[in-house]
Every structure is written in C-alpha cells, then in structure tokens.
Amino acid sequence: MSEKPVFTRPKVPAGKTEFVTTTQKEITPGKFFVGYETTWKNFQKEVPYKTPKKP
C-alpha cells in the first residue's frame, strides 16, 4: 500500500505593523490548522491622575 502524503503548513514570517505583531505558533505535523499569536503595543500614554485645583 502507498502511504498518504503528510501535508504541513509552511512557516510564515512575523507580520509587523506600527501597533501590532502577529506571529505563527508552533507547527504540528499532520494538522492543517496553525494558530497565530497577536501582540499589541501601547498607543496611548498613561498619565497619573492629579486632582484639579479647587476654586
């Protein structure tokens, strides 16, 4: 009998934009679905709260 060919997903380079980076998770041989991990960068500055002046 002939063996079935094993289909694997190709390794995809990381996608980078100004605020987000998407990377491919580890490839499992024989599985078609591969997960992706999304990492967001902060695009807002966080400033400590100061109480306003009293009139």
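Predicted model: local features only at pLDDT ≥ 70, side-chain atom pairs only at ≥ 80, totals over all residues.
**Exercise 1. Describe the secondary structure of the chain and say how its strands are arranged.**

Step 1. Count the elements: the chain has three strands and zero helices. Read from the N terminus, the elements follow the pattern β-β-β.

Step 2. Find the edges. Strand 1 and strand 3 (36-40) each have a single partner strand, so one side of each lacks a neighbour in the sheet.

Step 3. Look at one pair in detail. Two bridges join strand 1 and strand 2 in the antiparallel sense. Lys16 has Thr21 of strand 2 as its bridge partner.

Step 4. Check the confidence. The mean pLDDT of the chain is 83, and 84% of the residues reach 70 or more. Among the elements, strand 2 has the highest mean pLDDT (92) and strand 1 the lowest (90).

**Exercise 2. Decide whether Thr21 is buried or exposed, and list what it touches.**

Step 1. Locate the residue: Thr21 belongs to strand 2.

Step 2. Apply the cut-off. A residue is buried if its relative accessible area is under 20%. Thr21 has 18%, so Thr21 is buried.

Step 3. List the contacts. Leaving out residues up to four places away in sequence, Thr21 touches Gly15, Lys16, Glu37, Thr38, Thr39 and Lys41.

**Exercise 3. Identify the residues of the nonpolar surface patch and classify Phe19 and Phe43 by accessibility.**

Step 1. Name the members. Phe19, Trp40 and Phe43 form the patch, and together they have about 380 Å² of accessible area.

Step 2. Phe19 sits in the loop between strand 1 (15-16) and strand 2 (20-24), while Phe43 is in the segment after strand 3.

Step 3. Classify them. Phe19 has 32% relative accessibility and therefore counts as partly exposed. Phe43, at 54%, counts as exposed, because the exposed class begins over 50%.

Step 4. Phe43 and Glu18 are 25 residues apart along the chain, and their C-alpha atoms are separated by 9.1 Å.

Step 5. Consider the surface as a whole. The chain exposes about 6100 Å², of which carbon and sulfur atoms supply 58%.

Note on methods:
Residues numbered from 1 in each chain as written. Heavy atoms only, no water. Patch = residues over 30% accessible without salt bridge, like charges linked within 9 Å, V, L, I, M, F, W, Y side chains within 5 Å. Areas by Shrake-Rupley, 256 points an atom, 1.4 Å probe, with all protein chains shown as cover. Salt bridge = Lys/Arg side-chain N within 4 Å of Asp/Glu carboxyl O. Helix = DSSP H or I, 4+ residues; strand = E, 2+ residues; numbered from the N terminus. Buried < 20%, exposed > 50% of the residue type's maximum accessible area, 1.4 Å probe, protein only. Contact = heavy atoms within 4.5 Å. Pairing = 2+ DSSP bridges. pLDDT = per-residue confidence, 0-100.
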